[in-house]
Amino acid sequence: MGKRKAIQRVALAAAVALGASACLSDSGSSGGGGNSGTKSGDKNVEIVFGFGGSQSKGFQQSLKGFEQQSGIKIKFTEASQSFDTLIRTRVRANNVPDIALFPQPGILKDFVKQGKMTDLSTQLDVNKLKSDMVPGVLDAGEVDGKDYGVPVSMNVKSLVFYPKQAWAAKGYQVPKTQQELTDLTNKIKADGTTPWCMGMESQSATGWVATDWLEANLLEEAGPDTYDKWVNHQIPFNDPAVKKAAQDFESLVLADGNVLGGRKQTVSTAYATAANPMFDSPPKCFLHRQGNFITQAGFFPTKVVANIDNQVGVFQYPGQTADSKPMLGGGDLAAVFNGKDDDTKQVMAFLTGKDYPGWSERRARTTRSPTTSPS
C-alpha cells in the first residue's frame, strides 16, 4: 500500500477513456545502487516488474521495436506473484536490476530512504514530463521534493463490474449512492442469487483485494485528507475512520449470504478468476469490485473478453451521495537503480516518451488531450 493521491486526481479521466472496454527521510544519492545493475554501455538493461500473463507478454512486445532500433538487449524479469519479496531480496544482496516497475509506491520510497534509488532528474527531463502529464501524476513517486518514479501504466480501482445481459433481464439499476448499493445487494440476495463475487488468493500477495476494499471505503467515507494521513502513518491503523471503513466492507460483502462461497472461502478463491461465475447461466453472483485490468485476457473468460461491450457492464463505486465520486487508482512506477548507465537512460526515455505505444490497447494514457483532464 502506498500514497495514491496523484493517481486519484487523474483516475476519473482515465475511467472515462477506458469505458466498458477498459483495461521519508534521506533522499538518497543521485547515483542509485552503486555497482549493481548491468555495466554502462554494454547494451544490456534489466527490468523487473510485478505483472504477468497477457500484461507481461504485451509489455515485452511493446519494447521489441526499441530493442531492434537501439541495439539494447532488455532482460525482462517477471515477478507477478512475489515482486515485493524478490526486489527486497535483491536489494539486500546488492544485486539490483537497472530499472524496476513498482506496483506499490511505498516499496519504492523504502529504497529511497536506503539511498538505493536514482533521482530521475539525472535521467530524464522531469520538467518536460510534468508539462506533458496531468498535474499531480508524478507526486506518487516524489520524496522530499525529488522525483524517483514515473507512472508508465495506470489502473482504475473504484469500479464495479456486472453481467450486462443477466442484469438487464433482472431489471437491476446502477446504484448512485452507498445506500443504493446496499439496497441493491439486499435485493439480489432476496431474488435468490449471491450478490458479490470476490477472491483474495494471490499466492504470497494474498489479501491485497481486501486492502483495496478498505482503501476504497476509507477514501469514499473519510475523504482524501484522512486517507493520505493513514497511508503516511499520521493516524493509527485502528483510527475510528479506518475501523468504520472495515466494518462497512464486512457488512456489505462479507455478511452471511453476500459473497459467493462464504467469507472463509474468499481467501482460497483466486482473485484473477473470482468474477467468472457471474457469467454463468444463470449467474452465481452479480457484482465484482476490481481494477480495470480484470477486463484483459487471462482474467475474464475468453468469450467474454472477445465480446466485452455486450457482456460486461461497469459503474463507479458510489459515494455517500450521488455527487460524491472519489476514485481510487494505482499503477506501475518506473524507477532507476543504476543511474550511471547510458543504456538505462535510453530505456527510461523511451518508456516515458510520446512514442511509447504501451502494452495494452486498453492502457489509460495520462498525458493531456482534449478529452482527458484532471477531475
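## Exposure terms and basis

Buried means under 20% relative accessible area, exposed means over 50%, and partly exposed lies in between (1.4 Å probe, protein chains only). The structure is a predicted model, in which local features need pLDDT of at least 70 and side-chain atom pairs count only at pLDDT 80 or more, while totals for chains, interfaces and linings use all residues. Residues are numbered from 1 along each chain as its sequence is written, and side-chain values use heavy atoms, with hydrogens and water left out.

## Lys229

Let's start with Lys229, which is partly exposed at 41% relative accessibility. Lys229 belongs to helix H9 (residues 208–231); helices are DSSP runs (H or I, at least four residues) numbered from the N terminus. Not counting residues up to four places away in sequence, Lys229 touches Gln234 and Ile235, where contact means heavy atoms within 4.5 Å.

## Gln178

Gln178 sits in helix H8 (residues 178–190) and is buried, with a relative accessible area of 12%. Leaving aside residues up to four places away in sequence, Gln178 touches Glu220, Tyr317, Pro318, Gly319 and Gln320. With Pro318, the side chain of Gln178 reaches the backbone oxygen at 2.9 Å.

## Helices H4 and H5

The axes of H4 (residues 83–92) and H5 (residues 105–113) come within 11 Å and cross at roughly 10°; axes are lines fitted to C-alpha atoms over the stretch in contact, with angles from 0 to 180 degrees between N-to-C directions. H4 and H5 are therefore roughly parallel to each other (angles under 35 degrees). Phe83, Asp84, Ile87, Arg88 and Val91 of H4 make the contact with Ile107, Asp110 and Phe111 of H5.

How values were computed:
Helix = DSSP H or I, 4+ residues; strand = E, 2+ residues; numbered from the N terminus. Polar contact = N/O pair within 3.5 Å; in protein donor to acceptor, adjacent residues only side chain to side chain. Parallel < 35°, antiparallel > 145°, perpendicular 65-115°, else oblique.
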